[in-house]
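Hello,

Here is the structure you were going to look at. Please open it first, then read my notes below.

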Amino acid sequence: MILDRFRMDGKVAIVTGSGRGIGRGIAEALAETGCGVVCTARSADQIETVAKGIEASGQRAIAVPCDVNERADLENLVAAAMKEFGRIDVLVNNAGGSPPKAALRTSETMFNHAIHFNVTSAFLMSRFCIPHMLERDGGSILNISSGLSWMVEAGFVAYGTAKAALNHLTRLLANEFAPRVRVNAIAVGSVETDALGPFLENGDLKQKMESLTPMGRLGTTDDIALAALYLTTPASSWVTGKIFEVDGGTVASNWPLDLSGV
Ligand SMILES: NC(=O)c1ccc[n+]([C@@H]2O[C@H](COP(=O)([O-])OP(=O)(O)OC[C@H]3O[C@@H](n4cnc5c(N)ncnc54)[C@H](OP(=O)(O)O)[C@@H]3O)[C@@H](O)[C@H]2O)c1
């Protein structure tokens, strides 16, 4: 059965930022493939809820609190995964972000933070997990990038630059570790999560974003989880170093606010 290539029975995935939003959707979807899941974010209550839900559905899951900006937390996360499951097959670097801000109002600290949060943390997690993947059957890494890694929009100088670097980190690691470890990314369009929440409260802005999206709606966490399933399972065993655009068909930014100026 071709659908069997989406099965991950006996495998183990770490999904960062899996307490809510896109990361939660990916963690729950991976559990449906038979994969054990390590749920991680800073809010212990949220990751425990997700892990308990996965366990209730019959799969193994643990919750390990972690701030991806803290190297010691990342080391502890990987050690906890190895202690509980003895293997790591999939890493999803999902935790990331950076608030929109006009370029001349973006401080050095904010810029550096965007790079650390979106790129350095993904690099370190890859460094810590790849040796464990190589000890076994190899593995697959998925980086959650953004359409703003290639589209231009005022207000996203830190975020867009960081996600563009994440895209190239994806290609460089894919090249270095093929064929044993595959590395891909999803350039995510506008998805209704808490991260967009404050902007979506204004119904006019939401409508504007929808009208600027060819598919006529914002994304759901399931839309991204479905792509993540393809990219992390053997279904995509001939795919590495690629940035998949999952964005409702946008070819230009659908950001509804003008954040240009000084
Ligand atoms: N939503 C969109 O429209 C959109 C579009 C393009 C790309 N993306 C990307 O998709 C990813 C997820 O975004 P989302 O919309 O799902 O966000 P979200 O709903 O706000 O969820 C973010 C998750 O990451 C965790 N997190 C935040 N800071 C963290 C840290 N320092 N260390 C560890 N975990 C942390 C959060 O939990 P805690 O706060 O408890 O740590 C939460 O579980 C991000 O990389 C974002 O750039 C989103």
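Strand E5 (residues 139-146) pairs with strand E6 (residues 181-188) in the parallel sense, over eight bridges. Two strands count as paired if DSSP finds at least two bridges between them. Helices (H or I, at least four residues) and strands (E, at least two) are DSSP runs, numbered from the N terminus. The bridge partner of Leu142 in E6 is Asn184.

Before going further: this is a predicted model, in which local features need pLDDT of at least 70 and side-chain atom pairs count only at pLDDT 80 or more, while totals for chains, interfaces and linings use all residues. Residues are numbered from 1 along each chain as its sequence is written.

The sheet

E5 and E6 belong to an open, parallel sheet of seven strands, in the order E3-E2-E1-E4-E5-E6-E7. At the edges stand E3 (61-63) and E7 (243-246), each with a single partner strand, so one side of each has no neighbour in the sheet. Neighbouring strands are turned against each other by 15 degrees on average, direction ignored. Helix H3 (residues 71-85) packs on the sheet and touches strand E1 (12-16), strand E2 (36-40) and E3; contact requires C-beta atoms, placed from the backbone, within 7 Å. The direction of H3 makes about 155 degrees with that of E1. Such angles run from 0 to 180 degrees between N-to-C directions, with axes fitted to C-alpha atoms, for helices over the stretch in contact. Helix H8 (residues 221-232) also packs on the sheet, touching E1, strand E4 (90-93), E5, E6 and E7, and its direction makes about 160 degrees with that of E6.

In H1 (residues 21-32), 11 of the 12 residues are buried, so the helix is largely enclosed by the rest of the structure. Buried means that 20 or more other C-beta atoms, placed from the backbone, lie within 10 Å of the residue's own. Among the buried residues are Arg24 and Glu28.

The ligand is surrounded by 28 residues, the closest being Gly17, Gly21, Arg42, Ser43 and Gly96; a residue qualifies if its C-beta atom, placed from the backbone, lies within 6 Å. H1 gives the largest share of this shell, three residues.

Two backbone details

Just after H1, Gly34 has a positive phi of about 100 degrees. The peptide bond from Ala178 to Pro179 is cis, with omega near 5 degrees, and Pro179 is in the loop between helix H5 (157-177) and E6. Most peptide bonds are trans.

Regards

Definitions and conventions: Contact = placed C-beta atoms within 7 Å.
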